[in-house]
Amino acid sequence: MTLRFKFILGVAAALMLATLPWFASPTLIQFGISTLLLATLAQGWNIIGGFTGYASFGNSEFFGLGSYGTAIAMVQWQLPFGVGLIFGVLLSVIFALVVGIPVLRLRGHYFAIATLALSQVMTAIVSNLEVAGRNTGLVLPLLNGDTLFYELSLAVLLLATLTVLWISNSRFGFGLIAIRENEDAAASMGVNTTLYKVLAFALAGVFSALAGGIHAYWITFIDPVSAFDLSLNVKMIIMTVFGGPGSVLGPVIGAFVLSGISETLSTEISSLANLFFGVVIVAAVVFMPRGLADLMRRFRKTGWRYFSENVKQHRL
Amino acid sequence: MEQALVVSTMQLLSQILVNGVLLGGLYALMALGLALVWGVLNIVNLAHGALIMLGAYVGYYLFTLLNIDPFLALPLSMAVLFCVGYLLQRGILNLIARAAMFNTLLITFGIDVVLTQLAQIFFSADFRTINPSYAGSNFMVFGVTLPLVRVLAFVVALALTIALWLFLLHTRLGRAIRATAQNLGAARLYGVEPKAIYALTFGLGAALAGGAGDLYGVVSQINPYIGATLTAKSFAIAIIGGLESPLGVVVGGIFLGVVESLTALYIGPTFVDIASFGILVLVLIFRPNGLLGATT
Amino acid sequence: MKRALLCMVVLLVTSGAAFSQEIITLGASVQETGALANTGRYYRDGYNFAVEKINEGGGIRVAGKTYKLALKILDNQSDSNLSVRQYVQLLTQDKVNFLLGPFASDFALADSSVAEKYQVPMIQGGGASDQIFNRGYKFIFGTLPVASKYFESTIAMIGKLKPAPKSIALLYADDAFDVSVANGTRELIQKAGLKLTEDQRYSSNTSDFSTLISQVKSSNPDVILVSGHETEALNFVRQAKSLDLNPKMYAFTVGVPTADFRKALGKDSNYAFGMTPWVVSPANKDQYFGNAADFARAYTARFGYDPDYHTASAVADVEAFAKAIEAAGTLDPVKVRDAISQVSFPSLYGTIAFNATGQISLPQTVIQVQNDQVKAVYSQSGMLSYPQYPMPPWSKR
Amino acid sequence: MTPPPLLEIRGLSKRFGGLVAVDDVNFSLASGETLGLIGPNGAGKTTLINLISGSITPTTGDILFEGRSIKDLTAFKRARLGIGRTFQIMKPFPGLSVLDNVAIGALFGTSETAKALRTARDEADQWLELMDLSRYADRRADELGGPDRKRLELAKAMAMKPKLLLLDEVMAGLNHVEINEVIEAIKKVRNTGISVLVIEHVIKVIQRLSDRLLVLHHGQQIVEGKPGVVLADPRVIEAYLGRRRA
């Protein structure tokens, strides 16, 4: 595929998605909004997790801060949605800078656990904040405009994906990849590792906060448990890893495919959906640990052996 | 009047400290298995809480169906969970033993979901308790009320910790496990297959979770969804105590128990999580080897 | 315009199936799995049972035609975000006519916005928080009593006890419902001239109450009121025993009426006060089930466990729809909404009539566990039977 | 006035707890010079390299680069100034292609202005060619074998366009034939005119490459001078070779 062809294909796909509200059912749009937001979150995680190699469980904090920034601005200060969204992004970036600098010094599991613990701390702090409605949450004004929410979500996803496309072809992105592959070697080759990691964390924060703000206004009610939901972070990771971490479209495809599966399951087999979802995660990690992107690249060559080879390669 | 107030404040404080220490003992037992598996296999087991939950149900069914006292059921509960852990490692985790770190997080999360859902299907979402006749008994020492089962649970937790410590230090298998923590191949020097060590260690971690679950059921209620909070608590304790020695975990557990109790008393019960997880983050940043661990 | 278009789509897509058989579909997303599944099942089974019974009785008559009721229930896995999406799906894809609610206030808060957005009435029996009803929404109705008045009858009863209790400790979880309860209760305590010795908010899902209990013990109040969840009530009682906390009485908003509570605690559940807006009594007549006692028997036989007020509230939701649709004589959601606001009928749950904000006004009956049985002790009309008070210390049981 | 030496080490020490890994080391390195650093295992050679490259900070003493103290600079800043290094345990970017491994050196390293990825890859191509690696350009770095991997390390470091290159035991684990291959590669590097500090265990290698030798023993520098003179010094034979013969 030539670059030009890829470009045309991308624009066509974006246009097609953008026109969806004019012929799809409200349920599909509803599903679309939630999937686009999840894809945005996965793309955000891709920047810090996929490119930089830091398994962040802090992205749901960004989502929560975006939600609460928007909600507090709109409910407590009667500001317009746009201002709220910016306020949420601002909160999130400040959080990324303040927390990122000490926490990004930790590596591997320790970073993961630190961010995991921080999300518990954030939930607990917000539960005690008067301005955030404590643990009883905030009720946002009702806006009957799913088309608007859909287009907004799509725009943010496009922005996130274009940013990731730029990252994958830029000096900045190569710096991140170098950090992921070997942080000491990256530093010794002149990569400002601290700055790059914090920037990646903040950038992930921007997109997650945008998604959070849109989600809050759309769902109209937020409370600490749903806004700082850790399982949302796990979903971002699963979607990214399923699609292919460190690739441009992997997280988006991962989000679309897994949301589709999960939504179908919730409707079709209702109570067993979660069980099945757990099984899918386990199976995916065992049989295709490098994601769909890798599967598609190598499946043609190896065929069904692809799965058994993965197992052989990673088992003890 | 004023003196009476001072006396009652002191009494409350000592009661709270005792509560914290006793709670800490149970916490420590919950975290022990997690720390062992993490330290030796480098697996952060997000399904640890689910294993504790299973252990609690084993204890519950042994008590209600066969009328076995929960403290006598402890070894049985541990044995059952040992098998569960051993099979999980052999059947699933072993398949990704050499994959990237994300993957172990993801797969244990997946296992957690599956175990929880299966528990809901087989045990139902009803709230259960292991409620032997003596469950609420207590005795007074210097004006402080000591709940019998919590004291017993504390003693059992300490005993299991010491047993684990002795096992790791003084048996060939234990030394092989410790060596594996440093170097995968090292187990061979002790004439043990690394594969076997992995499964044994995970089984041991699960057995400790099973024991903790059995005791948890005696002091608290159980349902299929208690796992997530227990996993989070176990993390905090393992990190605060450090992964190097079982004794560190006990110190971490008691420290956390006391901090939580004091926070609830002086700041407010809704601030408990801020305190415990805030400390976890600070420990990670400033003393990554745990409160007792060596500084670098 | 949009609505007309929607109707056309409905006609085309459903290939007329729904219409030729004259079916009215009610939709709900409830907690069948997840942390709230234990209470969620009351709603699932209550809705199902009511729909079955109404259909057995011939369904409902709307403008001369007979309709059968159908039910579409989705499992929200105790996830409120998923729940919101499922309600939209119920309306737009499954084309249900009207909405029944989920369990718990925070879910009802989020889900009712869907009803409001699509202008389809929702009657929910699972959320009592005042927050749900003071937003000025027009399409949300609730059949649980007002949260801030949950302890009203309990405090009224306290005034009639001998020796009269003087001091109260109030403990409550920090979620929407329990905060509403606490705010109302605080006022009631003040009005009754009682002394509030402890006023403590704790995190939802707290499992260790040892600090709170020690604290309460040292301030030694006569009465302890706990507004929380059933798991918390269970843990509280167990730990109260093991820490030898002996107030003259303690009362809980939830948990006490359930069979689960008594089963999990055994003898330790005795003396605990609770409340229910629903009394299983033949005096509560019902058009479909005969009366509350008949209903309870039939329900236990059918589902294998005892119903509680959640179930009754769920049944009342379905019945309210049946009555309102018949009264409206049309399936038009806006007209049915107006009819709901006007209904007033006796049911197994009590008299169903909604006030201006959409909530029902139903007094709580104070209950107590006595010898492993739930006994009604006090209602608005006065003492029903003098409770076992004061509660004997744990050492003397 | 003579220009300051490229690198000057003054009274440098590093303590790990009770262990003195590097003890009061002083030397300097002129522009274009190749200095060999030898010593038995545990002599503190790698610690010295880590101190110069900035992976660790010294306990006392100073490091001057082009006359300026760099001891408080972070590793990446020193790389920007022109200090490149290889690692004893090879640290390629395993998941990246061989070409992109080298391109990262060109993108960062001493280059002040951001350059396009394409330019960096073009530069990387040249270094691959010099190091005889062109045919592996599209392979993943972790698929390379021993000597190729060493050459990749050299190419990566060279792509940074450093003024000073620190080579940490590049020969470890190679056989005789492979060692000769890599020696040729290092010679090519040296011929570009940059200064090199070579740490090596294998005496033969260091003799063939260095202008001057420095011997470390238990963290202390014991002899410094021309290779022939140093290797004949009885203290060196005692400390280093003597023990091996014994």
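1. Let's start with helix H4 of chain A, which covers residues 81–103.

2. Which residues of H4(A) are buried? They are Phe81(A), Gly84(A), Leu85(A), Gly88(A), Val89(A), Ser92(A), Phe95(A), Ala96(A), Val99(A), Gly100(A) and Val103(A). In an α-helix there are 3.6 residues a turn, so residues three or four places apart point the same way.

3. Now to Ala125(B), in the loop that runs between helix H4 (101–123) and strand S1 (138–141) of chain B. Is this residue buried or exposed? Its relative accessibility is 11%, under the 20% cut-off, so Ala125(B) counts as buried.

4. Beyond its neighbours within four places in sequence, Ala125(B) touches Gln120(B), Asn223(B) and Pro224(B), along with Ala37(C) and Asn38(C). The C-alpha atom of Tyr225(B), 100 residues away along the chain, is 8.3 Å from that of Ala125(B).

5. Finally, a word on confidence. The complex has an ipTM of 0.84 and a pTM of 0.87 from the predictor. Chain D averages a pLDDT of 84, with 95% of its residues scoring at least 70. In chain D, strand S4 (residues 60–65) has the highest mean, 92, and helix H9 (residues 234–245) the lowest, 65. Where pLDDT is low, the predicted coordinates should not be read in detail.

Definitions and conventions
Residues are numbered from 1 along each chain as its sequence is written. Chains are lettered from A and ligands numbered from 1 in the order in which they are written. This is a predicted model: local features need pLDDT of at least 70, side-chain atom pairs count only at pLDDT 80 or more; totals for chains, interfaces and linings use all residues. Side-chain values use heavy atoms; hydrogens and water are left out. pLDDT is the predictor's confidence in each residue, from 0 to 100. Helices (H or I, at least four residues) and strands (E, at least two) are DSSP runs, numbered from the N terminus. Buried means under 20% relative accessible area, exposed over 50%, partly exposed in between (1.4 Å probe, protein chains only). Contact means heavy atoms within 4.5 Å. The expected span of a helix is 1.5 Å times one less than its number of residues.
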